[in-house]
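Please examine the sequence and the structure shown below.

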Amino acid sequence: MLFRSGLGVFAIVRLGAVSHAAEEIAENNLPSIRELSKMQAMIERYLAQQAQFILSDSDAAKDDMEKRMQLTAAAFEQSYKIYQPLIAPGEEQAMMDDFISKWRQYQADSRDLFALARKHDSAQATQFFSTTLSDHIRDMRAVIEAVLVFNFKEAEEAAAESADLSRESFIEILSVLAIAVLFCAVAALMIVGSVSKPVLKMT
């Protein structure tokens, strides 16, 4: 009874460790990667919409494209809101602070782009987009890619930890079972011996 109870407690503790590693992947790493991927996609969509905004001939077309950009920016903010509680302090937080700072600066500088495009000065707007804003675009892409790589690495490490814990737990539980079986066998022999000795003396 004591061995069964001990084995049960041991199994619960080891399986709890495996479960914790699996939960870290399911509740942190995968949601982080999902929302970061959405944010990355929204930025690329926003950039494409900006290009269409510049090339649009009519004010009506520009109005429509500006509304689309606003929806895209709102979708980005929604994913960022979901992702924020998942950000790990330290390296990941520093990278995201840098990324959001660059994104906010890009949005601020884009106001000049919109002003030029509204004047139907496509040449100046295109030049501004491909020069002044291009550095922001390159930097934003590099940082969010680094954050994604960071989260993929964390997920891989958590998966490896879970696999290692599973293997170790399986071996350890088998070892405890083997000891329990051996103990039971020794106990059985001792019981048989203690009972058989008086019987043998009687005969």
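Asp-63 has a relative accessibility of 36%, so it counts as partly exposed. The structure is a predicted model, in which local features need pLDDT of at least 70 and side-chain atom pairs count only at pLDDT 80 or more, while totals for chains, interfaces and linings use all residues. Residues are numbered from 1 along each chain as its sequence is written, and side-chain values use heavy atoms, with hydrogens and water left out.

Which side chain does Asp-63 meet in a salt bridge? The partner is Arg-118, at 2.8 Å from N to O. Asp-63 belongs to helix H2 (residues 59-83) and Arg-118 to helix H3 (residues 91-118), so this pair ties together parts that are 55 residues apart in sequence. Arg-118 has a relative accessible area of 29% and is therefore partly exposed. A salt bridge here is a side-chain nitrogen of Lys or Arg within 4 Å of a carboxyl oxygen of Asp or Glu.

## Other salt bridges

By this rule, the count of salt bridges is nine. Arg-118 also forms a salt bridge with Glu-66, where the closest N and O atoms are 2.5 Å apart. Because Glu-66 lies in helix H2 and Arg-118 in helix H3, this pair ties together parts that are 52 residues apart in sequence. Glu-66 is partly exposed, at 26% relative accessibility. Elsewhere, salt bridges that share partners join Arg-34, Glu-35 and Lys-38 into one network.

A further salt bridge brings together the side chains of Arg-68 and Asp-64, at 3.2 Å from N to O. Both residues lie in helix H2, four residues apart, which is about one turn of the helix. An α-helix has 3.6 residues a turn, so residues three or four places apart point the same way. Arg-68 is partly exposed, with a relative accessible area of 43%, and Asp-64 is partly exposed at 35%.

## Helices and buried residues

How many helices and strands does the protein have? There are five helices and zero strands, and the pattern along the sequence is α-α-α-α-α. Helices (H or I, at least four residues) and strands (E, at least two) are DSSP runs, numbered from the N terminus. Of the 203 residues of the protein, 32% count as buried.

In helix H4 (residues 122-130), the residues Ala-125, Phe-128 and Phe-129 are buried. Seen down the axis of H4, its buried residues fall within an arc of 100°, so they line one face of the helix. The arc is that of the directions from the helix axis to the C-beta atoms.

Ile-33 is placed in helix H1 (residues 2-55) and counts as buried at 11% relative accessibility. Between Ile-33 and Val-149 there are 9.1 Å in space, C-alpha to C-alpha, although the two are 116 residues apart in sequence.

Ala-142 is placed in helix H5 and is partly exposed, with a relative accessible area of 47%. The C-alpha atoms of Ala-142 and Phe-99 are separated by 9.0 Å, and these residues are 43 residues apart along the chain.

## A negative surface patch

Glu-91, Glu-154, Glu-156 and Glu-157 form a negative surface patch. Patches are made of residues with over 30% relative accessible area and no salt bridge, and like charges are joined within 9 Å. Asp and Glu count as negative, and the place of a charge is taken as CG of Asp or CD of Glu.

Helix H5 (residues 132-202) supplies the largest share of the negative patch, three residues. Glu-157 lies in helix H5 and counts as partly exposed at 41% relative accessibility.

Where is His-120 found? His-120 is in the loop between H3 and H4, and at 41% relative accessibility it counts as partly exposed. Phi of His-120 is near 60°, a positive value in a residue other than glycine. Most residues other than glycine have a negative phi.

Note on methods. Buried < 20%, exposed > 50% of the residue type's maximum accessible area, 1.4 Å probe, protein only. Patch = residues over 30% accessible without salt bridge, like charges linked within 9 Å, V, L, I, M, F, W, Y side chains within 5 Å. Areas by Shrake-Rupley, 256 points an atom, 1.4 Å probe, with all protein chains shown as cover.
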